[in-house]
Amino acid sequence: MNANESLVAKALDARENAFAPFSNFKVGAALELDDGKIYTGCNVENATYGLTVCAERVALWKAISEGARKFLRIAVASGSEHPATPCGACRQLLWEFCGDIEVILANPRGFRETHRLADLFPHPFDRSFL
Ligand code: THU
């Protein structure tokens with residue numbers, strides 16, 4: 001299995017844990033550090049809807065809270081025909097914490113597509129403006 005496929009496999013596994021009783025849209029993410037360590041996450045929904053946390057942010061907060069600071073790639077797995085791209089809030093946070101990482105989109109039926117975060121999130125606001 002190549003490196004992208006093993007990261008995607010972890011995102012697909014994490015997707016199995018998605019808590020998505022309101023949307024039924026399950027998402028998994030796998031975030032790889034520069035030392036090869038991987039943190040995973042799934043979306044966790046809430047009855048108030050607005051407190052829902054996306055899979056990408058769960059993976060990111062797990063990593064940051066354990067001291068991780070240097071990131072290479074994130075795989076995001078969902079069930080749609082063209083797999084979901086990260087929402088705007090996640091793009092902002094991924095940009096601030098990870099910079100221009102690779103974003104690999106995947107679904108369980110073999111769709112794979114790789115982007116740079118800078119292409120998905122051009123002209124970002126970040127600390128360089130402060
Ligand atoms: N969701 C994610 O977890 N990541 C994405 O990239 C897109 C959307 C979740 C949030 C919510 O639980 C469900 O998908 C539907 O929006």
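A residue is taken to be near a molecule or strand if one of its heavy atoms lies within 4 Å of it. On this criterion, the residues around the ligand are Ser23, Phe25, Val27, Asn43, Glu45, Thr52, Cys54, Ala55, Glu56, Thr85, Pro86 and Cys87. The model is predicted, with local features requiring pLDDT of at least 70 and side-chain atom pairs counted only at pLDDT 80 or more, whereas totals for chains, interfaces and linings use all residues. Residues are numbered from 1 along each chain as its sequence is written, and side-chain values use heavy atoms, with hydrogens and water left out.

Polar contacts were defined as pairs of N or O atoms within 3.5 Å; within protein, one atom must be able to donate a hydrogen and the other to accept it, and residues adjacent in sequence count only if both atoms are side-chain atoms. A polar side-chain atom of Glu56 lies 2.5 Å from an oxygen atom of the ligand. For Asn43, a polar side-chain atom is 2.9 Å from a ligand oxygen atom, and a polar backbone atom of Ala55 is 2.9 Å from an oxygen atom of the ligand. The protein covers 80% of the 370 Å² of accessible area that the ligand has on its own (Shrake-Rupley method, 1.4 Å probe; for residues, only the protein chains shown count as cover).

Three salt bridges were counted, each a side-chain nitrogen of Lys or Arg within 4 Å of a carboxyl oxygen of Asp or Glu. Arg112 pairs with Glu5, the closest N and O atoms being 2.6 Å apart. Arg112 lies in strand S5 (residues 112-116) and Glu5 in helix H1 (residues 3-15), so the pair ties together parts that are 107 residues apart in sequence; helices (H or I, at least four residues) and strands (E, at least two) are DSSP runs numbered from the N terminus. A salt bridge also joins the side chains of Arg73 and Glu32 (2.5 Å, N to O). Arg73 belongs to strand S3 and Glu32 to strand S1 (residues 27-33), so this pair ties together parts 41 residues apart in sequence. Arg73 is buried, at 10% relative accessibility, as is Glu32, at 12% (buried, under 20% relative accessible area; exposed, over 50%; partly exposed, in between; 1.4 Å probe, protein chains only). Arg116 and Asp100 form a further salt bridge, with closest N and O atoms 3.7 Å apart.

No disulfides were counted, the criterion being a pair of cysteine sulfur atoms within 2.5 Å. The sulfur of Cys54 is 3.9 Å from its closest cysteine sulfur, in Cys90, too far for a bond.
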